[in-house]
Amino acid sequence: MRVTRPKLLGIDYAAKAAPVLEEWRRLAKVGTGDEKRLAKAKLKSLTTFEARAWTNPLTAGDAVAKDRWPGDLVRDYGADIPNLFRFELAERWRGYYALIGEPGGARIWVLYLWDHRTYSKQSGYSKK
């Protein structure tokens with residue numbers, strides 16, 4: 001069975017992801033040499049993710065099994081999240097997004113941008 005690709009209406013950054021993105025943008029401009037380089041690498045990989053999402057939001061990331069959803073997801077965003085996808089970023093960072101249906105198509109909400117340690121802990125891969 002073939003799944004029809006939804007019309008993507010936009011990509012937005014939710015409450016927990018937006019401050020991380022802003023910090024990367026800030027560091028890319030005014031950080032030290034290493035901070036600039038790392039921030040620019042993460043921003044570039046985020047741009048790559050967004051380009052893939054505009055092409056096909058269903059394949060821009062990997063679907064996450066319900067038992068691997070972050071422990072804080074319901075607390076942070078409520079119990080109405082219909083699906084969850086993850087994507088990889090530079091420097092071992094990870095992102096989570098949900099594809100939310102709206103009249104005329106769907107919108108991607110990037111819910112989290114996490115370093116690898118936080119990602120592993122929240123996803124149940126690490127017990128620390």
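The crossing of helix 1 and helix 2 is left-handed, a term used when the near helix is turned anticlockwise from the far one by less than a right angle, and right-handed if clockwise. This is a predicted model, in which local features need pLDDT of at least 70 and side-chain atom pairs count only at pLDDT 80 or more, while totals for chains, interfaces and linings use all residues. Residues are numbered from 1 along each chain as its sequence is written, and side-chain values use heavy atoms, with hydrogens and water left out.

The axes of the two helices, which are lines fitted to C-alpha atoms over the stretch in contact, with angles from 0 to 180 degrees between N-to-C directions, come within 8 Å and cross at roughly 130 degrees. That makes helix 1 oblique to helix 2, since angles under 35 degrees count as roughly parallel, over 145 as roughly antiparallel, 65 to 115 as roughly perpendicular and the rest as oblique. The residues in contact (heavy atoms within 4.5 Å) are set out by helix below.

| Helix | Residues in the contact |
|---|---|
| Helix 1 | Leu21, Trp24, Arg25, Leu27, Ala28, Lys29, Val30 |
| Helix 2 | Glu35, Lys36, Ala39, Lys40, Lys42, Leu43, Leu46 |

The buried residues of helix 2 (buried means under 20% relative accessible area, with a 1.4 Å probe and protein chains only) are Ala39, Lys42, Leu43, Ser45, Leu46, Phe49 and Ala53. Their cover includes helix 1 (18-30) and strand 1 (8-13), together with strand 3 (85-88), strand 4 (94-102) and strand 5 (105-114). Ser45 has a relative accessible area of 16% and is therefore buried; leaving aside neighbours within four places in sequence, Ser45 is in contact with Leu89 and Ala90.

Key. Buried means under 20% relative accessible area, exposed over 50%, partly exposed in between (1.4 Å probe, protein chains only). Helices (H or I, at least four residues) and strands (E, at least two) are DSSP runs, numbered from the N terminus.
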